[in-house]
Amino acid sequence: MKMSFRWYGKSDTIPLTYIKQIPSMRGIVSAIYDIPVGEVWPESRIQTLKKDIEDAGLELTVIESVPVHEDIKLGLPTRDQYIASFQQTLKNLSAHGITTVCYNFMPVFDWTRSSLEHRLEDDSTCLSYDNSVIELMDPVKGNLSLPGWDTSYEKEELAQLFEQYRSVGTEELWDNLSYFLEQVIPVAEQVGINLAMHPDDPPWSIFGLPRIITNEQNIERLLSLYESPNHGLCFCTGSLGALETNNLPQMVRKFGSQGRIHFVHARNVKRTGEKSFNETAHPSEYGSVDMYEVLKALHDVSYNGPIRPDHGRMIWGETGKPGYGLFDRALGATYLTGLWEAIQKDQQSVNGGKTHDVAAVRK
């Protein structure tokens, strides 16, 4: 397991020198955030990003994310040009040693929350999702300003997108995803990149838009669309854990044993009602996700890929990008590292002093 940390480039208020001081932290998860969706990432920009990270004594472990253009999700005639750009970006990333790329197939909106500063009992603040609040919002009418969606859309453009999606139901979205994968997975195989699909966040339809990567059955369908070891998952415990019927350890063992988990987001959420939740501190006692059991399952399937502490609370007076402060994510990374060491040593004891990778978390 390779402990990693999300970094938003030189504009991030958290410097790489601080990230490096987190115990067992070796990897950085990042992207080039100012390139318009659908354009090819130039090799020179990739090289600069990688150099900045390596100069700080860290490793660029994952690109999160290379966005998928809406025309691809909509299945428009223009999709082929954007798929070609995605393919070339994969080739450019591979040329600079990148082996894992995260992406998603959520229509219009990425991860969505109803509040950026929900106050918890300990007086920290967190991201939260209250379905009753979301149901009162209409993004087309402009009464929506939430994190995780493309703010570059003007009101008229957003209205047009929603109109286009009227003809795209669940099965049409599956068809468009299948078409996309048939074009990009062979390129990923050719250049040695693992593509890690992030599940929908939250894992249910919002604003009438279809969402299809939500549960074990849908993930099984996703992976069956193209049989390739390069076609896999970003297993996000927060996204999938928001749905009570998702058995996370069972899903890890199923898809991890197939070698189809390429990246892990470790985040805890506390389900507060039907389709409602608060994000919490990482330890199991604070949320609905048993983080020990998830990591135990990852260990059982010999997972040795990148993992990062996902969204954290804002604590100790820290200000910054909601969900992406330093302090609580650093605590989360240390907690996860401790769990992993304990699981390894327990297994070593069971195996009579032998273990498959005692110090993997420190590599």
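This is a predicted model: local features need pLDDT of at least 70, side-chain atom pairs count only at pLDDT 80 or more; totals for chains, interfaces and linings use all residues.
Residues are numbered from 1 along each chain as its sequence is written, and side-chain values use heavy atoms, with hydrogens and water left out.

Let me start with the whole chain. The protein chain holds 12 helices and 12 strands, where helices (H or I, at least four residues) and strands (E, at least two) are DSSP runs numbered from the N terminus. Its radius of gyration is 20 Å, close to the 21 Å that the globule rule gives for 363 residues, so the chain is as compact as a globular protein of that length; the radius is taken over C-alpha atoms, and the rule is 2.2 Å times the number of residues to the power 0.38. Buried residues make up 55% of the 363 residues, and here buried means under 20% relative accessible area, exposed means over 50%, and partly exposed lies in between, using a 1.4 Å probe and protein chains only.

Now to the strands, which count as paired if DSSP finds at least two bridges between them. Strand 1 (residues 2–6) has 4 of its 5 residues buried, so it is largely enclosed by the rest of the structure. With strand 2 (residues 27–30) it pairs in the parallel sense over 3 bridges, and phenylalanine 5 has isoleucine 28 as its bridge partner there. Strand 1 is also joined to strand 12 (residues 306–309), again running parallel, by 2 bridges, with methionine 3 partnered by isoleucine 307.

Elsewhere, 4 strands form an open sheet in the order 5-6-11-10, with antiparallel pairing. Its edge strands, each pairing on one side only, are strand 5 (115–119) and strand 10 (269–273).

What lies in the interior? The largest nonpolar core has 93 residues, of which Ile19, Leu177, Phe180, Leu195 and Leu295 touch the most other members; such a core is a set of buried Ala, Val, Leu, Ile, Met, Phe, Trp, Tyr and Cys residues joined through side-chain atoms within 4.5 Å. Helix 7 (residues 170–191) gives the most to this core, with 10 residues.

Leucine 295 brings us to helix 11 (residues 291–300), where the buried residues include Val294, Leu295 and Leu298. Leaving aside neighbours within four places in sequence, leucine 295 is in contact, that is, with heavy atoms within 4.5 Å, with Met1, Leu336, Leu339, Trp340 and Ile343. Among the elements covering the buried residues of helix 11 are helix 10 (248–256) and helix 12 (327–350).

Finally, the backbone, where I would remind you that most residues other than glycine have a negative phi, and most peptide bonds are trans. Lysine 275, although not a glycine, has a positive phi of about 60 degrees; it is found in the loop between strand 10 and strand 11 and is partly exposed, with a relative accessible area of 35%. Tryptophan 316 likewise has a positive phi, of about 55 degrees, and is exposed, with a relative accessible area of 63%. A cis peptide bond joins glutamate 64 and serine 65, with omega about 5 degrees, and the bond from aspartate 201 to proline 202 is also cis, with omega near 5 degrees.
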